[in-house]
Amino acid sequence: MKVYNTLTKKKEEFIPLEEGKVRMYVCGPTVYNYIHIGNARPMIVFDTVRRYMEYKGMKVNYVSNFTDVDDKIIKKANEEGVSSEEIANRYIKECKKDMEDLNVKPATTHPLATQEIDGMIAMISDLIERGYAYEKNGTVYFRTRRFKEYGKLSHKNLDDLQSGNRSLLVSGADEKEDPLDFVLWKPKKEGEPFWKSPWSDGRPGWHIECSVMSKKYLGDQIDIHAGGEDLIFPHHENEIAQSEAANGKEFAHYWMHNGFLNIDNKKMSKSLGNFFTVREIGEKYDLQVLRFFMLSAHYRSPLNFSAELMEAAKNGLDRIVTAVARLNQMLKASTVEELTEEEKAVLSEAEEFVTKFEAAMEDDFNTADAISAIFELVKLSNINAKETSSKTLLTELKKKIVTLCDVLGIITEKKEEMLDSDIEALIEERQAARKAKNFTRADEIRNQLLEKGIILEDTRQGVVWKRA
Ligand code: AMP
Ligand code: ZN
């Protein structure tokens, strides 16, 4: 299995620290609002990496945090007049719902920054003791130049950084020994949540969170650390400096970064009015379509989101779902068990597409080519599966399509449809409720049916219904 490593700028053979086991950390969202579709990209991409590794028999310990203390959360809490905790808890819950609808597996552990403050204080103290950090007026800074390998992930040179980053000089310039130094702990401001520490009542800087949570749940050394490409600098560069200075060991072996999602070829931003939450897209499309769309490009490439591309993704996904539904129908009709010689040849051709799928995934998770292999399998199935086919052929074809789609986290079986007789019974009950002037119950039934995609129309001839 080949993985592109941002650290070496090369595709490398994936060799985990411990055979058959993968330790993986993915930087999670800051929870101050519903997640946007850009945030969904790393979730989907790295969930797919995890699923493929599990498919290959590896045991993946997958840790992804929620940043639940941050300026943006505090600002939102002040706007609403509630606590930061309430804001964070609300949007963690909403994020988990979106993840479920995107068929993103829950992480093995989802740590919260606010629950790990003791560990952060311990690591900061350790860094001070080792001479990698210092305190000034209640703020603790990391002594960047002391870490000789600083810049190795983002391939930046310290002197270029200094001349290119004059803004760094502005904030806290008087206190810092060097403009490149960054904050590990900062004192509270009025009205902000805070924790006691040896330096001040305050809160941790963002970068230290991930170093500490990764160490606690995965150990000093991990296999994969991942996130969006905007995190390479400074977030991941700083994480490396903190962890390697504190632990004296290489932190993560492979650094994986997804490309950015743009909207109609422009950067997504609230001010441009081209900003979409996952929840908003979910009102127009089944979120499986969004997942399928995200995987239709290579994870390191920029990805453009547009209505046309979403329609194309919807059609592509429909082709797969329809092929599986067709196989299910034929399976009900089929009476033969034994494979014919011709069918054996079809299955061996199908196996070639499975090999093609795996080869694509082995090559740095080329999901675009992996999806092409699934389409070839679907085409093979559409041409060869008939009502007269054997059960073995139909079952095997279905199994192959469903299994490969599951590696990508794509659900292929349509939800159970309601039986006509059940619908009619509910309509009758609704009529009776209306007669008895129990309009609450009548509305409840209408909504219950609507949720299953059944639309009711009251006509002069009575109630008629149709499937949406
Ligand atoms: P944040 O909450 O801003 O820290 O973002 C959470 C994750 O989403 C990080 O891994 C970011 O790199 C990623 N991310 C944010 N915006 C985008 C985008 N437009 N496209 C792809 N990934 C993004
Ligand atoms: Zn992080």
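The shell around ligand 1 has five nonpolar, eight polar and one charged residues. Here Ala, Val, Leu, Ile, Met, Phe, Trp, Tyr, Cys and Pro count as nonpolar, Asp, Glu, Lys and Arg as charged, and the others, Gly among them, as polar. This is a predicted model: local features need pLDDT of at least 70, side-chain atom pairs count only at pLDDT 80 or more, and totals for chains, interfaces and linings use all residues. Residues are numbered from 1 along each chain as its sequence is written, chains are lettered from A and ligands numbered from 1 in the order in which they are written, and side-chain values use heavy atoms, leaving out hydrogens and water.

**Ligand 1 shell**

- The shell holds 14 residues, and the closest are Thr30, Gly38, Gly228, Asp230 and Leu261; a residue counts if one of its heavy atoms lies within 4 Å of the ligand.
- Helix H1 (37–55) and strand S9 (222–228) each supply at least two shell residues.
- H1 gives the largest share, three residues.
- Helices (H or I, at least four residues) and strands (E, at least two) are DSSP runs, numbered from the N terminus.

**Ligand 1 atom pairs**

- An N or O atom in the Asp230 side chain sits 2.4 Å from a ligand 1 oxygen.
- Gly228 places a backbone N or O atom 3.0 Å from an oxygen of ligand 1.
- The Asn258 side chain has an N or O atom 3.4 Å from a nitrogen of ligand 1.
- On its own, ligand 1 has 480 Å² of accessible area, and the protein covers 87% of that (Shrake-Rupley method, 1.4 Å probe).

**Helix packing**

- H2 (residues 71–80) and H3 (residues 84–101) pack at about 110 degrees, with axes 8 Å apart.
- That angle makes H2 roughly perpendicular to H3 (65 to 115 degrees).
- Ile73, Ile74, Lys76, Ala77 and Glu80 of H2 meet Ser84, Ile87, Ala88, Arg90 and Tyr91 of H3; contact means heavy atoms within 4.5 Å.
- This H2–H3 contact has six nonpolar, one polar and three charged residues.

**Backbone geometry**

- Phe233 and Pro234 are joined by a cis peptide bond, with omega about 0 degrees.
- Pro234 lies in helix H8 (residues 232–247).
- Asn103, a residue other than glycine, has a positive phi near 60 degrees.
- Asn103 is in the loop between H3 and helix H4 (117–129).

Note on methods
Axes fitted to C-alpha atoms, helices over the stretch in contact; angles between N-to-C directions. Parallel < 35°, antiparallel > 145°, perpendicular 65-115°, else oblique. Polar contact = N/O pair within 3.5 Å; in protein donor to acceptor, adjacent residues only side chain to side chain.
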